[in-house]
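Hi everyone, thanks for coming. I'd like to walk you through one model today, so please have the viewer open and follow along.

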Amino acid sequence: MAIQLYDREKAKPISLPGDGRHGACLVIHGFAGVPGQMKPLCDALAARGFAVEAPLLPGHGATMQDMGRASTRQWVRCVRALAGDLRARYGRVYVTGISAGGILSLLLAQEGRVDAIAPIGAPVFLYTPLHQLSRFVRSFFVRARRKQPDPAPSAADGEEAAPVRGMKWLFQELFVMRSGMKKALRAVNCYGMTLRCALGLHRVACPAVIIQSVRDEMARPSSAGIICRRIRSAEKSVVWLQGSSHIRMLFGPERNTVFSAVGDLFERADDAYQRAREG
């Protein structure tokens, strides 16, 4: 049976008009994500006057089977084509993305296709799929220990005592484990793209802000420092978050720090473009 990963509304691409004076922002979701997860960031950029496009990467937003059939090459072709289209329409393109979306933003910058980038939690150095798999297995036993036994009915009437945990709960937990294992194994598909990104960091020359949480459980926090050291951008910095997990960087209490860092960089790059054009 095909399992729908997200509801159809969240999986729809996002397209927001700009004010006509600013460039365009390409906002890229992460591995196994959807554009709807990027909506708060899209809204924040649109409020500054940028046109915003957030595509649905190939294989995402539908079923696990679709995810398995998609390749990272398809993702790269998708964002490359959209960046070219936005440049043709707006003259300049600024790219941000979370996780694998951050890796894609770096790859576009290596090709010289964008004017500024803001990768968020970009996993140049990942925790391994085996590590991810062990987390899912460990979480199963943690939940099992926390689950309180179902109260057993009285056996006074000859009734058989209820099991400590119902079969329904067990099947639910096994399904969660199965889904987590598949997701961890599919992450292997990203390693080639991540390695290619790491080897080409020296080709990035556009302005960049790298956003990383010290509590990121997916991307090693050291990734941010390595990216910043290896890129050749004249304007580059790292914004460190202190209390956010990987995906909650866009939803947690530090989200406004992320939105400000991304928006401020893109506004500075856009102002520089306008001054150069007028001069």
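Predicted model: local features only at pLDDT ≥ 70, side-chain atom pairs only at ≥ 80, totals over all residues.

Let's begin with K12, which counts as partly exposed because its relative accessibility is 43%. K12 has a partner: its side chain meets that of E9 in a salt bridge, at 3.0 Å from N to O. And E9 itself? With a relative accessible area of 57%, E9 is exposed.

While we are on charges, here is the general idea. Side chains of opposite charge can pair when their charged atoms come close. How many salt bridges does the count come to in this model? The count comes to 12 salt bridges.

Let me show you a few more of them. D19 and R21 form one, and their closest N and O atoms are 3.1 Å apart. D19 has 35% relative accessibility, so D19 counts as partly exposed. R21 has a relative accessible area of 55%, and R21 is therefore exposed.

Next, please click on R268 and E235. Their side chains meet in a salt bridge of 2.8 Å, N to O.

Which residues gather in a patch of positive charge on the surface? They are R73, R77, R196 and R203. Let me zoom in on R203. You will find R203 in the loop between helix 8 (188–199) and strand 6 (208–213). Its relative accessible area is 43%, so R203 is partly exposed.

A pair of aromatic rings is described by the distance of the centres and the angle of the planes. The count for this model comes to four aromatic pairs. Take F50 and F266: their ring centres are 6.4 Å apart and their planes stand at 80°, so this pair is edge-to-face. The pair links distant parts of the chain, with F50 in the loop between helix 2 (39–47) and strand 3 (51–54) and F266 in helix 10 (residues 255–278), 216 residues apart.

Are these two residues buried or exposed? F50 is buried, because its relative accessible area is 0%. F266 counts as buried too, at 0% relative accessibility.

F266 has another ring partner, Y94. Here the centres are 5.4 Å apart and the planes are at 25°, so the pair is stacked. Y94 lies in strand 4 (residues 93–98) and F266 in helix 10, so the contact ties together parts that are 172 residues apart in sequence. Y94 and F266 are both buried.

D115 and Y273 are 158 residues apart along the chain, and their C-alpha atoms are separated by 9.1 Å. D115 lies in the loop between helix 5 (100–110) and strand 5 (116–120). Its relative accessible area is 25%, so D115 is partly exposed.

What is phi of A32 near? Phi of A32 is near 65°, a positive value in a residue other than glycine. A32 has its place in the loop between strand 2 (24–28) and helix 2. A32 counts as buried because its relative accessibility is 10%.

S99 has a positive phi as well, near 60°, and S99 is likewise a residue other than glycine. Look for S99 in the loop between strand 4 and helix 5. S99 has a relative accessible area of 13%, below the 20% cut-off, so S99 is buried.

Methods
Residues numbered from 1 in each chain as written. Heavy atoms only, no water. Patch = residues over 30% accessible without salt bridge, like charges linked within 9 Å, V, L, I, M, F, W, Y side chains within 5 Å. Areas by Shrake-Rupley, 256 points an atom, 1.4 Å probe, with all protein chains shown as cover. Salt bridge = Lys/Arg side-chain N within 4 Å of Asp/Glu carboxyl O. Lys, Arg positive; Asp, Glu negative; His and termini not counted. Charge placed at Lys NZ, Arg CZ, Asp CG, Glu CD. Helix = DSSP H or I, 4+ residues; strand = E, 2+ residues; numbered from the N terminus. Buried < 20%, exposed > 50% of the residue type's maximum accessible area, 1.4 Å probe, protein only. Phe/Tyr/Trp six-rings, centres within 6.5 Å; stacked < 30°, edge-to-face > 60°.
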